[in-house]
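Subject: A structure for you to look at

Hello! Here is the structure I promised to pass on, and my notes follow below it. Please open it next to this email and read along.

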Amino acid sequence: MTEQKAPSKGILKKFIIALVLVIVVLLGFTAVNYYLKYFGPNVTSKQEYLYIHTGATYDDVLKTIQQQDMVKDTASFHWAAVNMNYPKRVKPGRYRLHEGMGNRKLINMLASGTQEPVTLEFHGLRQKEQFAGFVSKKIEPDSASVIHLLDSASYVAKYGFTTDNVYTMFMPNSYQLYWNTSPDKFFEKMYASYQKFWTPERKQQAAAINLTPQEVSVLASIVDAEALHDDEMPAVAGLYLNRLKKGMKLEADPTVIFALNDFTIKRVLTRYLSYNSPYNTYLNKGLPPGPIMMPSVNAVKAVLNYQKSDYIYMCAKADFSGYHAFATNVTDHLVNARKFQQALNERNIKR
């Protein structure tokens with residue numbers, strides 16, 4: 001038999017080197033692949049925000065990402081998510097996406113609930129329904145859930161309001177809050193802002209004119225609807241306070257328009273004045289049960305810092321400047337009213 005020769009040391013050495021090189025290449029490839037799956041750019045520019053609704057599961061999140069083409073490689077995102085245990089750490093919210101963001105950074109953001117807050121600004125909204133609709137476009141709760149709380153007597157009573165005057169709780173301002181803020185948390189935030197505004201000093205000012213803070217805001221809503229210019233608000237507020245002190249009806253045209261729920265009306269005609277509504281101040285003495293619009297902060301301050309005068313009548317000026325002609329007696333008022341009515345007729349404004 002022919003003896004087999006043992007491989008030479010040189011061949012064995014080359015084999016070991018080649019094996020090491022293969023292992024190094026494989027490890028390198030694995031390391032690169034691992035790095036790319038975690039840190040490589042994956043987020044696209046297709047969407048600016050990822051919205052994760054309250055109660056959403058990981059499958060819901062993955063489906064949204066797939067359907068809206070939020071990442072280039074869904075498989076690598078899923079791999080990274082599973083390895084980072086994200087399926088068990090889903091948090092609702094509105095998350096800002098940045099083009100080129102890697103899976104690891106994206107998943108860390110989602111798992112930690114690091115949201116970009118929403119800016120909510122509102123003012124001059126007339127009705128609760130309008131307000132609820134506006135809010136629902138900014139945060140997750142729908143308008144029905146907001147209206148449900150606004151119309152719940154037991155719920156608003158916890159904050160010291162009625163369903164008629166609860167609208168006075170919402171102070172026009174710019175607010176920062178998270179998109180997935182619940183209706184309850186939203187009310188808490190609004191009430192905290194309300195309490196911050198109504199300092200002991202302002203409460204004393206309200207008491208000095210025999211009004212509660214809610215009543216101040218109700219009157220402010222009429223002042224705001226009546227006065228087109230902020231610098232006239234204290235005079236308008238003073239006039240209405242004079243009428244309240246004398247036991248006179250406010251006879252404010254904006255309350256009739258609100259009662260009729262027709263905000264296209266430019267001329268309040270005599271036939272409108274008999275419309276039966278608790279908001280019609282031509283029929284009812286005192287303040288209406290709630291605000292006729294969301295009063296501005298300036299209007300509320302104008303009531304608290306009203307201009308003292310003997311005025312009990314006013315009429316829009318005939319020059320359509322947005323200012324009013326004030327009077328202390330009915331004779332002068334009728335002169336002012338005729339001038340304005342003539343101006344309306346000349347412009348063919350019938351309603």
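Which residues does C315 touch, not counting residues up to four places away in sequence? I will come to that after a word on the model. This is a predicted model, in which local features need pLDDT of at least 70 and side-chain atom pairs count only at pLDDT 80 or more, while totals for chains, interfaces and linings use all residues. Residues are numbered from 1 along each chain as its sequence is written, and side-chain values use heavy atoms, with hydrogens and water left out.

Now to C315. The residues it touches are H324, A325, H333, N336, A337 and F340, where contact means heavy atoms within 4.5 Å. C315 lies in strand β5, residues 313–316. Helices (H or I, at least four residues) and strands (E, at least two) are DSSP runs, numbered from the N terminus. With a relative accessibility of 10%, C315 counts as buried; buried means under 20% relative accessible area, exposed over 50%, and partly exposed in between, using a 1.4 Å probe and protein chains only. H333 is 18 residues from C315 along the chain, and their C-alpha atoms are 7.2 Å apart.

Stepping back to the whole chain, you will find 14 helices and six strands. Of its 351 residues, 41% are buried. Among contacts between residues at least 6 apart in sequence, 64% join residues at least 24 apart.

Next, the salt bridges. A search of the whole structure turns up six of them, a salt bridge being a side-chain nitrogen of Lys or Arg within 4 Å of a carboxyl oxygen of Asp or Glu. One joins the side chains of E48 and R96, at 3.5 Å from N to O. This pair links distant parts of the chain, 48 residues apart: E48 sits in the loop between α1 (9–39) and β1 (49–52), and R96 in strand β2 (residues 93–96). E48 is partly exposed at 43% relative accessibility, and R96 is also partly exposed, at 27%.

R96 has another partner, E116, with an N to O distance of 3.0 Å in their salt bridge. Here too distant parts of the chain are linked, since E116 is in the loop between α4 (103–112) and β3 (118–122), 20 residues from R96. E116 is partly exposed, with a relative accessible area of 26%. Together, E48, R94, R96 and E116 are linked in a network of salt bridges.

Elsewhere, E188 and K185 form a salt bridge at 3.7 Å, N to O. Because they are three residues apart in helix α8 (residues 183–197), about one helical turn separates them.

Finally, a helix pair. How are helix α10 and helix α11 packed, in angle and in distance between their axes? Helix α10 (residues 213–226) and helix α11 (residues 233–246) pack at about 130°, with axes 9 Å apart. Axes are lines fitted to C-alpha atoms, for helices over the stretch in contact, and angles run from 0 to 180 degrees between N-to-C directions. The two helices are therefore oblique to each other: angles under 35 degrees count as roughly parallel, over 145 as roughly antiparallel, 65 to 115 as roughly perpendicular and the rest as oblique. On the α10 side, the contact includes L219, I222 and V223, and on the α11 side, M233, V236 and A237 are among the residues that make it.

Enjoy exploring!
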